[in-house]
Amino acid sequence: MITTVTLNAAIDKTYSVKSFEMDRVSRVTDMIAVPGGKGINVARVARLLGEPVTAAGFVAGFNGQFIRSGLDTEGISHDFTEVPGESRLCLTVLDADNGTQTELLEPGPVIAENSLLTLKEKVKELAGRSTHVCFSGSLPLGCPPSLYAELITLAREAGAEAVLDASGDALAAGLEAMPLLIKPNEHEIVRLLGRPASSDDDLAACIRELMQRGIRHVVVSLGARGALAGSSGRVRRVAIPAIRAVNPVGSGDAMVAGMVTALRQGRSDADVVRFGAACGSANALQMQAGVVTDEDVERIFRDITVTDY
């Protein structure tokens, strides 16, 4: 089983608006509202890929009830920790006419110490039944930057491999616990190592340094340019085909789900990142975040090239 942990789960609401402008009334032409947050997106894609998965983390209030009910409808198993307050709403406004994507993200609930203790016990329990635990997204208020490091350690002690997709201080602190895989973007990896990276050569050097520290898989997403991926000491360039993106939100989460699925299937290091990139691109073809089809993934997978850097 794969367990995903979303500490700041959300309702992801996406509006399609023609010629969206500030300071005026806009009519929504299409709307989707679904359970969201990075880890929930990972869980959704992993399930669509045929993997057994359980979504965990914090939920609160009426929005939390919506998240649970929505996952039930989708057939995604979940085991959340209920906390006081209200889970957040994340609003994305898509304007196809102007090619823009505007996001408004609420902060979410404040997490108390007793809720943190409950969550840690939950993670230990779920990790004991999982091959991989994916920790994804921002930390809600009340969570210390060291929380991911603590949870990664608990998961590993219970026998599971840990994947971390976070940013800022949470990512920096989480590295101390040596997760199996991390997926920073090019800005985050520069911040991690505290030095500029003005070229892909610089990014490759950053990836090698992180692998030398003990992180086996380091994948740096480069948007439409694909990715640079380090695995077991080797760095590879991942080139993806051009696509007509509908909604890129959640593509990084889909990439994580694809890589973890490929790891569970025992694929080669090159095919792990290739399959992940195919899932990320396939997600961008859908209106809803965290959705892929087998047909899109297989077609894109065939057109992705992975070469030694």
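Select K120 first: it counts as buried because its relative accessibility is 16%, where buried means under 20% relative accessible area, exposed over 50%, and partly exposed in between (1.4 Å probe, protein chains only). This is a predicted model, in which local features need pLDDT of at least 70 and side-chain atom pairs count only at pLDDT 80 or more, while totals for chains, interfaces and linings use all residues. Residues are numbered from 1 along each chain as its sequence is written, and side-chain values use heavy atoms, with hydrogens and water left out.

**Salt bridges**

The side chains of K120 and E150 meet in a salt bridge, at 2.7 Å from N to O; the term denotes a side-chain nitrogen of Lys or Arg within 4 Å of a carboxyl oxygen of Asp or Glu. K120 lies in helix α3 and E150 in helix α4 (residues 147-157), so the pair ties together parts that are 30 residues apart in sequence. Helices (H or I, at least four residues) and strands (E, at least two) are DSSP runs, numbered from the N terminus. At 30% relative accessibility, E150 counts as partly exposed.

Next, select D79 and K122. Their closest N and O atoms are 2.9 Å apart, and the two form a salt bridge. D79 belongs to strand β5 (residues 77-82) and K122 to helix α3 (residues 113-127), so this pair ties together parts 43 residues apart in sequence. K122 is buried, with a relative accessible area of 19%.

Proceed to R44 and E74, whose side chains meet in a salt bridge at 2.7 Å, N to O. The pair links distant parts of the chain, with R44 in helix α1 (residues 38-48) and E74 in helix α2 (residues 61-74), 30 residues apart. Is R44 buried or exposed? R44 counts as buried, at 2% relative accessibility, whereas E74, at 23%, counts as partly exposed. The structure holds 19 salt bridges.

**Helix α8**

Select residues 251-264, which form helix α8. At 1.5 Å a residue, the 14 residues of α8 should span 20 Å, and its end C-alpha atoms are 20 Å apart, which agrees; the expected span is 1.5 Å times one less than the number of residues. The helix is mostly covered, with 12 of its 14 residues buried. Among them are S251, D253, M255 and L263. Just after α8, G266 takes a positive phi of about 75°.

**Pockets**

Select K38, P248, G250, S251 and G252, which lie nearest the centre of the largest pocket among its 49 lining residues. A pocket is found on a 1 Å grid over the protein atoms alone, as an open set of points where a 1.4 Å probe fits, with protein on both sides within 12 Å along at least five of seven lines; lining residues have an atom within 4 Å of a point. The elements giving two or more residues to this lining include α1, α8 and α9 (269-284).

Finally, select L94, D95, A96, T100 and V246. Which pocket has these residues nearest its centre? They belong to the second largest pocket, which is lined by 16 residues. β2, β6 and β7 each supply at least two residues of that lining.
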